[in-house]
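Me: Could you take a look at this one with me? I'd like to go over its disulfides.

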Amino acid sequence: MQPASACPCRGCIPWQGVLLAVSLLTFWNPHPTAQLTIEPVPFDAAEGTDILLLVHNASQNTIGYYWFKGNTTEDSHEIISYSILTQNINTGPAFSGRETLYTNGSLLFTNVTKEDTGFYTLRILNNDLRPVLATGEFRVHEKLPKPNITINNSQPMEGEDSLAFNCEPEINYATYLWKINNQTILDGDRLKLSNNNRTLTLFNVTRNDIGPYECEIQNPVSANHSDPLTLNIFYGPDAPIINPPDSHFRPGTNLNLSCHADSNPPAQYSWSFNGRPLEYTQELSIPNLSTNNSGSYMCVAHNSVTNLNRTTTKNITVSEPVTPPHLTASNTTVAEGESVELTCVPNDTEISIQWLFNNKTLPLTDRMQLSLNNSILTINSVKKTDEGEYNCEVSNQIFSQKSNPIMLTVIAGPGGDDIPGGPSPGGLSPGAIAGIVIGVLAGVGLIAGLGYFLFFRKTGGASDQHDLTEHIPSASNHSPDPSDHSPDKGDDVAYSSLNFNIQELTQPSSPTSPSPTATETVYSELKKK
C-alpha cells in the first residue's frame with residue numbers, strides 16, 4: 001500500500017488549504033531543535049465529518065511513522081504505520097478503514113463517529129533508530145437531539161411544593177441553559193442549578209411560577225432547545241369578591257350578586273342569607289326587593305384540589321322612603337349675644353341628620369354645638385350673620401327629606417341700633433343719656449305738681465271769678481294795661497314756657513320728628529281740662 005500524497009476520493013474534506021499545507025510540509029526541512037507536535041483540525045467535529053491530525057516539526061531523518069489510538073504505543077492499539085525506506089503502509093488492530101496516512105505522517109479520519117473521540121499517539125523512528133513521540137486529541141460530537149423537560153411533580157400546590165426540572169437527554173460535553181418567559185435563568189433565592197446546569201430546582205412554588213420554561217443544549221458543533229413547558233400550579237381560593245359594590249337598594253328593585261375568587265382549579269360557589277343556605281351558584285338573583293331582604297349575604301368559595309374554603313360577607317340594606325322632619329326653635333327673634341336652640345324632630349329611624357342654612361350646608365363655627373345624634377343645634381352668642389333661614393334634612397342611604405323652614409331674626413342687643421329710643425350712629429354717650437333720663441323724670445314730676453296746682457286753681461276759684469266779672473270792664477270800654485292779664489292767659493304762658501324747656505331737654509339729636517313725649521302727653525291732657 002502506498003501512502004497518500006493528495007486528497008483521496010472518499011471523504012474529501014472542504015479545507016483544501018490544510019492539505020496544501022500537508023504537501024508543503026513533506027518538503028520542509030524543520031529546525032533540528034523544533035519539537036514534534038500534532039494539531040487536530042478541527043478539535044471539535046460533528047459526527048459524519050472529517051478530522052485531520054496534522055504533524056508539525058517532523059525530522060528530516062525520519063524513516064517511519066506509527067499511529068496508535070489512545071495515549072499508548074502498544075501494538076494492540078496500532079492503527080497504521082508507514083516505512084519511508086520501503087514505502088509500505090501497514091494497518092494494525094485499531095484500523096477502522098476510515099483512516100488515511102500521508103507521506104509527511106499526518107493522519108486523516110473520515111466520517112468520524114463519537115467512538116473516534118480521544119487521544120492519538122504518533123511514534124516517529126529516525127535513522128538513529130531512536131523513537132520520538134507526540135500526542136494529539138480531538139472530540140466528535142453528535143448532532144444534538146431536541147431536548148425535553150421532565151418534572152418531579154405534575155400537580156404542585158402553591159406554598160407547599162418544590163419542583164425539580166431535568167433537561168433530557170444527558171449528553172457528554174454538552175452545555176445546558178434554562179429560560180423562563182424567554183429570560184435566561186440564574187441562581188437565586190428560590191432557583192438553584194446543578195453543577196452542569198442540567199437540573200433546575202424551584203423552591204416554594206407560587207402561582208407566578210407557571211412559566212413557560214425552556215431548556216437548551218449546546219455543544220461546539222450544534223444547539224437545540226426544548227418545547228416550552230407551562231406549569232399547572234394549584235392555588236386558592238383567594239378571598240371572594242362580591243359585585244356590585246352597592247349595598248343599599250330601593251324597594252321593588254332586583255338584587256343581582258356575583259361572586260368571584262382567584263383559584264386553580266376554578267372555585268365552586270355557594271350562598272347563604274343570615275346563616276341560612278340559599279343556592280350553589282356563582283351568581284345570586286333576588287327579584288322585587290323588600291325590607292325583608294335586608295341582611296347579611298355570604299359567599300363561600302371552595303377549591304376541590306387544595307380543599308380550602310374562603311368566605312366574604314356583604315350586608316344589604318333595603319331602605320324605605322323617609323318623611324319630612326319637623327323643625328322647632330326656642331325663639332325666632334333673638335338679640336345679639338343671646339343663645340338659640342333649634343330642634344329637628346324626625347319621624348323615621350336609622351337616618352342621619354344634617355343642617356341647612358339658606359338652602360346650603362350649614363358651616364359649623366365654634367359658637368355652634370350639635371347633640372350626639374345631630375338633632376339639636378345650639379347657637380351661642382348669636383351674631384347678625386346668623387340671621388337667615390334654617391332647615392334640617394334627614395336621609396338614609398337612598399332617600400332624603402327637608403324640614404319646614406324657620407327664619408331666625410337677629411336684633412341688636414343693649415346699646416344697639418335696632419332698640420327703640422337707642423342712639424343713632426354718632427349719638428350721645430351713655431353718660432349723656434343717663435343725664436337726660438334723670439332730667440326727664442324730674443321734669444315729669446314738676447309738671448305733674450304744677451298741673452295739679454293749676455287744675456285746683458281753676459276749679460276751686462270758679463265762683464270768685466264769676467263775681468268779679470261783673471266789675472271787669474268790657475274789652476270795648478277798657479284799654480288793656482300791660483300789667484293786666486287774665487289768670488287763664490297767664491296759666492297758658494306758664495305751660496307753654498315749661499313745655500318748651502322740657503322739649504329742648506328731651507329732643508333727640510336725629511333730624512326726624514319724634515313721637516310725642518310723656519311730658520307733651522301730660523301737658524295736652526291738662527289743656528283739655
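Predicted model: local features only at pLDDT ≥ 70, side-chain atom pairs only at ≥ 80, totals over all residues.

Me: How many disulfides does a search of the whole structure find?
Reply: The search turns up 3 disulfides.

Me: And what pattern do they follow along the chain?
Reply: Counting bonded cysteines along the chain, the pattern is 1-2, 3-4, 5-6.

Me: OK, how far apart are the sulfur atoms of C167 and C215?
Reply: They sit 2.1 Å apart. The link of C167 and C215 is right-handed, with 65° about the S-S bond. C167 belongs to strand β12 (residues 163-168) and C215 to strand β17 (residues 213-219), so this pair ties together parts that are 48 residues apart in sequence.

Me: Is C167 buried or exposed?
Reply: C167 is buried, at a relative accessible area of 0%.

Me: Switching to C259 and C299: left-handed or right-handed?
Reply: That disulfide is left-handed, because the torsion about the S-S bond is about -90°. The sulfur atoms of C259 and C299 are 1.9 Å apart. C259 is in strand β21 (residues 255-260) and C299 in strand β25 (residues 295-302), so parts 40 residues apart in sequence get tied together.

Me: Are C259 and C299 buried or exposed?
Reply: Both are buried.

Me: Which strands hold C344 and C392?
Reply: C344 is in strand β29 (residues 340-345) and C392 in strand β34 (residues 388-395), 48 residues apart. Their sulfur atoms are 2.0 Å apart, and the link is right-handed with 70° about the S-S bond.

Conventions:
Residues numbered from 1 in each chain as written. Heavy atoms only, no water. Disulfide = S-S within 2.5 Å. Helix = DSSP H or I, 4+ residues; strand = E, 2+ residues; numbered from the N terminus. Buried < 20%, exposed > 50% of the residue type's maximum accessible area, 1.4 Å probe, protein only.
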